[in-house]
Amino acid sequence: MNGLNENAGEAIKLRLRTDQYDGFKSYTVVRRTLCHELAHNVWGGHGKNRAKFKELNSELNREVLELERRVRDATHTLASDGNVYDPLPPDVEAQAHGCPGGIGTGSRGWRIS
Ligand SMILES: [Zn+2]
């Protein structure tokens with residue numbers, strides 16, 4: 001059992017550890033279990049309302065995935081494409097900017113005059 005819904009949502013319990021207690025269940029398993037248990041807030045059991053339960057469970061999973069996609073797409077990172085500032089050695093950097101021999105540059109290639 002991965003989760004338990006008590007009294008239509010009074011408490012939802014999720015098992016995070018693996019059955020062997022050698023680690024944690026994956027985020028995807030825990031997320032799906034949470035959606036499953038949340039659907040039980042509306043539709044208890046898996047019997048006569050099974051189709052409605054499955055429909056709500058699927059809707060909750062779709063909404064969570066859409067939310068995660070939106071959050072991921074709206075997140076800005078400084079190195080998202082792997083294109084980062086990686087300075088050349090000071091003398092090469094200085095020559096690249098028209099300073100033969102690196103005169104007037106510091107140890108990191110920045111002009112210090
Ligand atoms: Zn269930």
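Predicted model: local features only at pLDDT ≥ 70, side-chain atom pairs only at ≥ 80, totals over all residues.
## Overall make-up

The protein chain contains three helices and two strands. Read from the N terminus, its elements follow the order β-β-α-α-α.

Of the 113 residues in the protein chain, 6% are buried. Among contacts in the protein chain with a separation of 6 or more, 25% are between residues 24 or more positions apart.

## The strand pair

Strand β1 covers residues 3–6, and strand β2 covers residues 11–14. The two run antiparallel and are joined by four bridges. Which residue of β2 is the bridge partner of Gly-3? The partner is Leu-14.

β1 and β2 form a hairpin with four residues between the strands. Asn-7 in this hairpin has a positive phi near 55°. As a general point, side chains in a regular strand alternate between the two faces of the sheet.

## Arg-62 in helix α2

Helix α2 spans residues 50–74 and includes Arg-62. Is Arg-62 buried or exposed? Arg-62 counts as exposed because it has 11 C-beta neighbours inside 10 Å, and the cut-off for an exposed residue is 12 or fewer.

Arg-62 can also be placed relative to Cys-35. In sequence, 27 residues separate Arg-62 from Cys-35. In space, the C-alpha atoms of Arg-62 and Cys-35 are 9.8 Å apart.

Key. Residues numbered from 1 in each chain as written. Pairing = 2+ DSSP bridges. Buried ≥ 20, exposed ≤ 12 C-beta atoms within 10 Å, placed from the backbone. Contact = placed C-beta atoms within 7 Å.
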